[in-house]
Amino acid sequence: METKYKNSYNFFKKLCASNNIGVLLREPVSVTGGEMHRMYCIETDKGCFAVKLLNPDIMARGGYVKDNYINSENIARLCSKNIPALPAINFAEIDGQFYLLFNWVNGKTLFDDDLNEVNIKLIAGYLRRIHETDLSELGLIDDYTDKQALPDWENMLNKAEHAVWRDKLASKIDELMDINKRLEASSKALFKNTLLSHHDLEPKNVLWTDDMKPIIIDWEAAGFINPYVDVLETGMYWSKDKGGKFNKLKFTAFVSEYIKGLEADKKVEFKDSLEDVLNMGYASFTGWLEYSMKRSLGIECADKTEQDMGTRHIWHTFDSIDNYTELITVLRDIIHSILFH
């Protein structure tokens with residue numbers, strides 16, 4: 001399967017000229033940049049820059065995708081006045097290839113055992129500050145959160161006739177259909193209380209400088225979300241030990257740091273919506289499972305590399321769903337104890 005990405009040397013020369021960032025000095029270098037797009041480091045006579053080539057299949061979904069990228073970068077731009085964020089220099093298109101251009105930042109990502117309580121509390125505080133940032137000037141309206149289409153698992157099962165993971169999906173389809181029902185009900189219940197946020201504040205989206213200052217990157221998913229769902233999901237991202245095992249103390253530290261800045265009525269609001277919040281914790285897993293299956297089937301993938309990646313992620317995501325189901329009682333108890341300490 002030939003790649004759909006435009007990543008020739010000539011493409012990057014055009015990009016440099018179009019953005020007035022100097023003359024390309026050497027071949028662009030592919031760097032780690034997530035699992036949906038392709039990231040490159042380019043060096044010109046004016047400095048170093050990061051270029052994210054956006055997945056052609058995602059950009060082909062419709063005009064709303066382009067609007068989402070524009071809105072997300074505006075969110076990042078305004079939040080950067082209140083927290084250390086890295087908005088794009090430009091979002092544009094050359095020869096049909098959409099991209100995001102950034103200033104290059106020297107930093108590293110930290111995961112699992114490398115993260116300590118200081119790091120975790122710092123991110124929790126920044127999440128609260130994102131939620132407190134006034135983004136009203138953007139004029140965005142949440143007309144989407146309660147209308148998100150849930151995965152059609154029966155249709156997926158029919159399409160997966162020859163897939164290596166078909167039997168696994170067949171054995172889990174009743175459970176997935178039940179999760180869909182819970183997501184639908186809880187999404188409607190929480191729709192009345194949403195705000196704009198990063199929406200993907202995982203450790204992979206934070207760069208730490210040499211003096212251990214964080215810079216929040218990759219704002220493409222920014223949009224409306226219930227604040228307490230955001231706290232739950234983000235807290236879980238930052239509460240893992242080596243091997244991805246859940247760490248209760250880390251989660252407690254994250255949620256405690258966020259909640260300590262909340263007014264009393266917000267704490268009650270959090271408690272009253274907690275069961276719906278916990279149900280919505282499934283959404284990121286089932287959404288990623290559906291997307292991985294589509295990639296595996298060649299429905300939404302730019303090349304063979306992405307197709308194989310989709311297949312690999314399916315097994316891990318099934319495990320993540322099982323692990324989350326087992327954790328719900330623990331998460332409920334932790335949040336209750338913090339709210340009413």
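Student: Is D319 buried, exposed or in between, and what is its relative accessible area?
Tutor: D319 is partly exposed, because its relative accessible area is 42%. Buried means under 20% relative accessible area, exposed over 50%, and partly exposed in between, with a 1.4 Å probe and protein chains only. Keep in mind that this is a predicted model, where local features need pLDDT of at least 70 and side-chain atom pairs count only at pLDDT 80 or more, while totals for chains, interfaces and linings use all residues. Residues are numbered from 1 along each chain as its sequence is written, and side-chain values use heavy atoms, leaving out hydrogens and water.

Student: Which helix is D319 in?
Tutor: D319 is in helix α12, residues 304-339. Helices here are DSSP runs of H or I with at least four residues, strands are runs of E with at least two, and both are numbered from the N terminus.

Student: OK, and where does D218 lie?
Tutor: D218 is in the loop between β8 (214-216) and β9 (223-225). Its relative accessibility is 13%, so D218 counts as buried.

Student: What does D218 touch?
Tutor: Leaving out residues up to four places away in sequence, D218 touches K52, H198 and N205. Contact means heavy atoms within 4.5 Å.

Student: Which side chain does the D218 side chain make a polar contact with?
Tutor: That of K52, at 3.0 Å. A polar contact is a pair of N or O atoms within 3.5 Å; within protein, one must be able to donate a hydrogen and the other to accept it, and residues adjacent in sequence count only if both atoms are side-chain atoms.

Student: Now the sheet with β1. What's the strand order?
Tutor: Five strands make an open antiparallel sheet, ordered β1-β2-β3-β5-β4. The edges are β1 (29-31) and β4 (90-94), each pairing on one side only. Strands pair if DSSP finds at least two bridges between them.

Student: How many bridges join β4 and β5?
Tutor: Five, in the antiparallel sense, with β5 covering residues 97-103. For N90, the bridge partner in β5 is L101.
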